[in-house]
Amino acid sequence: MTSTTGAALTLDKVTKRFGGVVAVNDVSFSVAPGSIHGLIGPNGAGKSTLVSLISGYQRADGGTIRLDDVAITGVSPLRIALRGLARTFQAATPLQGMTVRENVEVGLHTTYTAGLARTLLRGPGVRREDRECRAATVELLARYGLTESADRLAADLPFGQLRFLEIARAIAREPRILLLDEPAAGLDQTETSALADLLRHVNGEGTTVLVIDHDVPFMFSLCHDVTVVNFGSVIASGVAAEVARDPVVRDAYLGSGSAGEETE
Amino acid sequence: MIRRTIGIRDASVLGAALVAVIATLLTGSAYWTYALTLIAIYAIAAVGLNVMLGLAGQVSFAQTTFMGIGGYGAARLTATLGWDPWWGLVLPAFGAVAVAVLIGLPLFRLRGHYFAMATFALALGTNSLAVGAVLLTGGSTGIAGVPPLAIAGLSLGTPQGFLIVSWIVLALALAVFFVLSRSHIGRAWRALATSPDVAVSLGVPVLRLKLLALIVAAVMGSVAGSLYAQFSSFVAPDFINLVMIINLFLIVFIGGRGMLSGPVLGAAFVALIPQALSFLGEWQNVVFFVLLLLFMLFLPRGALGFDLSWLRPRPRDSSHPVPERTEAAR
Amino acid sequence: MSLVIAIGIATGCVYAIIAMGYSLLYRTTGVVNFAQGSFVVIGGLGTYFFRSVVGLPYPLAVVCGILLTGIVALAFWVLIIVPLWRRNSAPYVTLLSTVVMAALLGNLTHLLLSPDPQTLPPWLPGFTLQLAGTQIAGQYVVVVVVALAMIGLTAWYLQASATGRAMRAVAASRPTSRLLGIDPERVGGTAMLIAGLLAGVGGALITPAQLTSPDQGLLYGVFGFVAAVIGGLGSLRGALIGGLIVGVLQTLIVRYISANFEMVIVFALLLVLLTVRPRGLFGVAEFEVAH
């Protein structure tokens, strides 16, 4: 994988209401380019809504979201994706009826330039793109430990491997920022550890990483910066170690223990 | 399921078809020459539908509209204007593509249901336009005297000529289907068929790809319509009526949607079974429709496709529920 | 002209009933049922069958015709839709099954109930209406009155009853309602039954005013769908307004332009509508956008 330049993400007073409920309330924070940023909060705190808003699947009622100084509020999710934003979903999303390999290959779709005519004519151009796609896929599958399952149906994968596949698929095209929606949910200790390593590697290649989760030890050990949300509002944001010491955060969310210890 | 290489079922069906065509050419059976030509023409239209439905997962009833454009286009260009029949085969396809883009651009932005229903209204609308626009289409009586294809003055209008031409065109259509299904376009189609949200997140241009599928389907539908007009030497609104609309779906479902040989097997069924069932008289159609429903329920992979995976219990409403975090998992 | 509009309003009420069936079922189950129009035909020709072939007295025949429609609708639900749901079939397969069902019902109606178009005696014999110097059949008035009453009754039932609440729950989320102990299949079946019975009433109402023929099912289905879309798919209020609009428009087109073009113009209208405002008049925008 060649290096890419991490994108910066800024949220400025973003608000989203569903009927009478304010799911996201005046949320502002910045994700530094090339960093690993965590968004922590209990369930129902508005985290997933934020993911939808940032990636364009829902439209904010107020505020601005910027990707590298370009406003993306109200832009379609496809255009946002083409600007270099990749994401995973909270629910497992294997592409049905397709193998593990094919899932990753779809992730590489944007690397193709061949249209209908060239694809039909099978000229040297499109055949080269096919070869490159295949090679990139093999490499990704190896890195994510999916080589043996390459030709199984993605939907048949064990849960942990499926989650890794979804990440591999999302970063295949070397996006500039990756949003992960609860990537550690349902993973055991070994898998969580492997996940952290993979994300550090992705970040090492230059991609900005924004992780949304509520597994506190995982988040604080992985992320450079952390933003804590509760009831749709930001209650703290900054360097991970400082946020962990913030008394407001400890009272509201971390409870009597501090980050780094096992919580209940 | 699209296989990487041609599977056993596809190979056997296509092999059997090839044998049948050759045998018919050698023995000169009039019935089989006619039947196989008709099968090929239906199959060409069905391959187009198979691209939309089987590959891209889009329900489009508009195939008969494209067949109508092809058929009436060929008729007017050749019978009325006296142009070379090859133009009658090729030019209407451009018209069909234009219509596909015109319809697709606004409608593909909508949820599947709206698109499907709109294409259904389009198909019925085209049928009634064919009846009503007498100046354009000759109304209920249609247009007669459509000349067959010719190469260098030599008419291919013999039964054998039609048989060979139609199966060559079908082979081309199948080749297009095969290449596309194995390509990155085919993968993107399959992704958007089941998970358009995920596809979008990967940067897959879903709208453009849906249009592409419709364009391919339009060309195939139009060519099938033109061939039909030249084969029957006339066109009338009946060839694009409701029965034809449903027949195309019947062909795709019985043959196995998404499968390469599906349209061939399905077309054979639809063309030949009525002979077997003709003793049922007016109950024929009823049996057909019931058959189609049964196929949709029990044999989603079509005849000889035997997919019994539906018998295995699957969780309802979701395929992979996210498990709750437990103590042990930490 | 007022004659044409009056007839348009009456047929519009029938379309409203069909549209209501679409919207009700769609809200509750996400299923768009193209056989909805065929149910109307069964209502009308079923009544004819029970009266003229079986020999029942007219009121009883109407009841039987309506019940027959309800039974057919429910059978369709149980035998086809539920099994497709259970197999986790793609939504388009379900949609296709409703189209096939519509064609099948058309054939069965032709073979079993009546091969020819039929009409029925008016509900209030001798009742005619004076309108702008001409007389129109009183049945049209009956259609409007009864249709509006049925629509009002259904809307009230959905709002006030436990079943109605259950339907709203299933419309919001199938898995969640299951967790609440509501069975989406049952609720969907109820919605289908109501839609079927309503359509049956519509058929029994309109047949005395106009001929009903066995192959009209899909035509009714398409017009009913257009009505539902104009009003907003899923909105019951919209179904009524949409139905009236389509009814009046259609009769105007047939009278002043040409019967041959009614489908073409309706389709063009649908296309324009879907392009400009897919959610219709009262629909919810949520339903619109795909990628």
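The structure is a predicted model. Chain A has 10 helices and 10 strands, while chain B comes to 13 helices and four strands. A search over all chains finds 11 salt bridges, and three of them are described below, within chain A.

**Overall form of chain A**

- The secondary structure of chain A consists of 10 helices and 10 strands. Its radius of gyration is 19 Å, close to the 18 Å that the globule rule gives for 264 residues, so chain A is as compact as a globular protein of that length.
- The C-alpha trace of chain A spans about 65 × 40 × 35 Å along its principal axes.
- Of the 264 residues in chain A, 55% count as buried.
- Taking the contacts in chain A between residues at least 6 apart in sequence, 66% join residues at least 24 apart.

**Surface and charge of chain A**

- Chain A has an accessible surface of about 10600 Å², and carbon and sulfur atoms hold 50% of that area.

**Chain B**

- Chain B is built with 13 helices and four strands.
- Of its 330 residues, 58% count as buried.
- For contacts in chain B with a separation of 6 or more, residues 24 or more positions apart account for 77%.
- The accessible surface of chain B comes to about 12600 Å², with 70% belonging to carbon and sulfur atoms.

**Salt bridge Glu182(A) to Lys47(A)**

- Glu182(A) and Lys47(A) form a salt bridge through their side chains, with an N to O distance of 3.7 Å. Glu182(A) lies in the loop between strand E7 (177–181) and helix H7 (189–204) of chain A, and Lys47(A) lies in helix H1 (residues 47–55), so the pair ties together parts that are 135 residues apart in sequence.
- Glu182(A) has a relative accessible area of 3%; because this is under 20%, the residue is buried.
- Lys47(A) is likewise at 3% relative accessibility and counts as buried.

**Salt bridge Arg101(A) to Asp151(A)**

- The closest N and O atoms of Arg101(A) and Asp151(A) are 3.1 Å apart in a salt bridge. Arg101(A) belongs to helix H3 (residues 100–107) of chain A, and Asp151(A) sits in the loop between helix H5 (124–143) and helix H6 (159–171), so this pair ties together parts that are 50 residues apart in sequence.
- Arg101(A) is buried at a relative accessible area of 12%, whereas Asp151(A) is exposed at 53%.

**Salt bridge Asp197(A) to Arg200(A)**

- The side chains of Asp197(A) and Arg200(A) meet in a salt bridge of 3.1 Å, N to O.
- Both residues lie in helix H7 of chain A, three residues apart, which is about one turn of the helix.
- Asp197(A) is partly exposed, with a relative accessible area of 45%, and Arg200(A) is partly exposed at 37%.

**Positive phi outside glycine**

- Phe231(A) has phi near 50°, a positive value in a residue other than glycine. Phe231(A) is placed in the loop between strand E9 (225–230) and strand E10 (233–239) of chain A.
- The relative accessibility of Phe231(A) is 70%; because this is over 50%, the residue counts as exposed.
- In chain B, Ser233(B) has phi near 60°, again positive in a residue other than glycine. Ser233(B) is found in the loop between helix H10 (206–232) and strand E4 (234–235) of chain B.
- Ser233(B) is partly exposed, with a relative accessible area of 33%.

**Ala91(A) and Gly62(A)**

- Ala91(A) lies in the loop between strand E6 (85–87) and H3 of chain A, and counts as partly exposed at 41% relative accessibility.
- The C-alpha atoms of Ala91(A) and Gly62(A) are separated by 27 Å, and the two residues are 29 residues apart along the chain.

Definitions and conventions. Residues are numbered from 1 along each chain as its sequence is written. Chains are lettered from A and ligands numbered from 1 in the order in which they are written. This is a predicted model: local features need pLDDT of at least 70, side-chain atom pairs count only at pLDDT 80 or more; totals for chains, interfaces and linings use all residues. Side-chain values use heavy atoms; hydrogens and water are left out. Helices (H or I, at least four residues) and strands (E, at least two) are DSSP runs, numbered from the N terminus. The radius of gyration is taken over C-alpha atoms; the globule rule is 2.2 Å times the number of residues to the power 0.38. Buried means under 20% relative accessible area, exposed over 50%, partly exposed in between (1.4 Å probe, protein chains only). Contact means heavy atoms within 4.5 Å. Accessible areas come from the Shrake-Rupley method with a 1.4 Å probe; for residues, only the protein chains shown count as cover. A salt bridge is a side-chain nitrogen of Lys or Arg within 4 Å of a carboxyl oxygen of Asp or Glu.
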